[in-house]
Amino acid sequence: MAVISESRYQAHRLRIPVAEPFAAFRARYEAAVPAVDYAALNARIAASADWSEITTEVEAAAPWGFLRYWSSDDAPLMRLAHDPGDCVVYLMGNHILAERMYRYDQAAMLYAPLRAVIASRASETHFIIELPSATFGSFGAVGADDIAEVGVELNHKLAALFDHLALPVPAVLRG
């Protein structure tokens with residue numbers, strides 16, 4: 001009989017103030033983090049493409065190291081309950097980096113892609129995300145150092161994205 005394992009980690013959430021209106025920042029974010037071209041990706045999968053082809057396409061498509069896998073504009077639904085503000089939830093990531101963790105522990109896919117939120121209420125907009133190094137640094141056993149290394153690499157990619165988007169960059173992302 002297999003042994004049930006349990007892991008605990010403490011999340012480290014970053015709430016970054018955005019110095020522009022929600023809609024303007026959302027448009028700039030979505031331009032910097034383009035949507036995955038699922039038609040092209042699925043065609044590559046169906047053709048059993050070489051992984052190097054996937055890598056080349058991701059590097060070309062993701063200038064700041066991230067792609068958008070999914071989004072949900074939650075505000076219209078919440079407005080039915082008279083909750084104000086705007087809120088879009090995203091799954092953003094890079095399947096090349098995700099594979100470097102997946103090979104050691106498929107549970108890393110619980111957190112890859114990363115969850116991110118752009119939220120605005122009372123004229124204050126924020127970009128909210130958990131610190132990748134804290135999340136991926138929680139993995140133990142075989143490959144833990146390799147998984148943690150990808151978490152730190154994701155921190156650095158977030159710092160570069162924040163620089164590009166003219167957001168303040170928390171020191172923890174550069175460390």
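1. A residue counts as buried when its relative accessible area is under 20%. Keep that cut-off in mind for this predicted model. Phe-127 has a relative accessible area of 1%, so Phe-127 is buried.

2. What does Phe-127 touch beyond its neighbours within four places in sequence? The list includes Leu-14, Ile-16, Val-18, Phe-25, Tyr-29 and Met-92. Ala-116, Val-117, Ile-118, Phe-162 and Leu-167 are also on it.

3. Now widen the view. The largest nonpolar core has 35 residues. Phe-127 is among those with the most contacts inside it, along with Tyr-29, Met-92, Ile-129, Phe-136 and Leu-161. In soluble globular proteins, nonpolar side chains tend to be buried together.

4. Where does this core come from? At least two residues each are supplied by the strands β1 (13-18), β3 (86-93), β4 (114-121) and β5 (124-130). The helices α1 (22-32), α5 (95-102) and α7 (144-164) do likewise. Which element gives the most? That is α7, with seven residues.

5. Look at the rings next. The model has eight aromatic pairs. In one of them, the ring centres of Phe-127 and Phe-162 are 5.5 Å apart. Their planes stand at 80°, so the pair is edge-to-face. The cut-off for that label is over 60 degrees. Phe-127 sits in strand β5 and Phe-162 in helix α7, so the pair ties together parts 35 residues apart in sequence. Phe-162 is buried too, at 0% relative accessibility.

6. Compare a second pair, Phe-136 with Phe-139. Is it stacked or edge-to-face? The planes are 20° apart and the centres 6.5 Å, and the pair is stacked. Phe-136 is buried, at 0% relative accessible area. Phe-139 is buried as well, at 12%.

7. Some rings gather in a group. Phe-25, Tyr-29, Tyr-90, Phe-127 and Phe-162 form one aromatic cluster.

8. Finally, check how two helices meet. The axes of α3 (residues 51-61) and α5 come within 9 Å and cross at roughly 135°. That makes α3 oblique to α5. From α3, the contact uses Trp-51, Ile-54, Thr-55 and Val-58. From α5, it uses His-95, Ile-96 and Glu-99. By class, this contact has four nonpolar, two polar and one charged residues.

Note on methods
Residues are numbered from 1 along each chain as its sequence is written. This is a predicted model: local features need pLDDT of at least 70, side-chain atom pairs count only at pLDDT 80 or more; totals for chains, interfaces and linings use all residues. Side-chain values use heavy atoms; hydrogens and water are left out. A nonpolar core is a set of buried Ala, Val, Leu, Ile, Met, Phe, Trp, Tyr and Cys residues joined through side-chain atoms within 4.5 Å. Buried means under 20% relative accessible area, exposed over 50%, partly exposed in between (1.4 Å probe, protein chains only). Helices (H or I, at least four residues) and strands (E, at least two) are DSSP runs, numbered from the N terminus. Contact means heavy atoms within 4.5 Å. Axes are lines fitted to C-alpha atoms, for helices over the stretch in contact, and angles run from 0 to 180 degrees between N-to-C directions. Angles under 35 degrees count as roughly parallel, over 145 as roughly antiparallel, 65 to 115 as roughly perpendicular and the rest as oblique. Ala, Val, Leu, Ile, Met, Phe, Trp, Tyr, Cys and Pro count as nonpolar, Asp, Glu, Lys and Arg as charged, and the others, Gly among them, as polar. Rings of Phe, Tyr and Trp (its six-membered ring) pair if their centres lie within 6.5 Å; planes under 30 degrees apart count as stacked, over 60 as edge-to-face and the rest as tilted.
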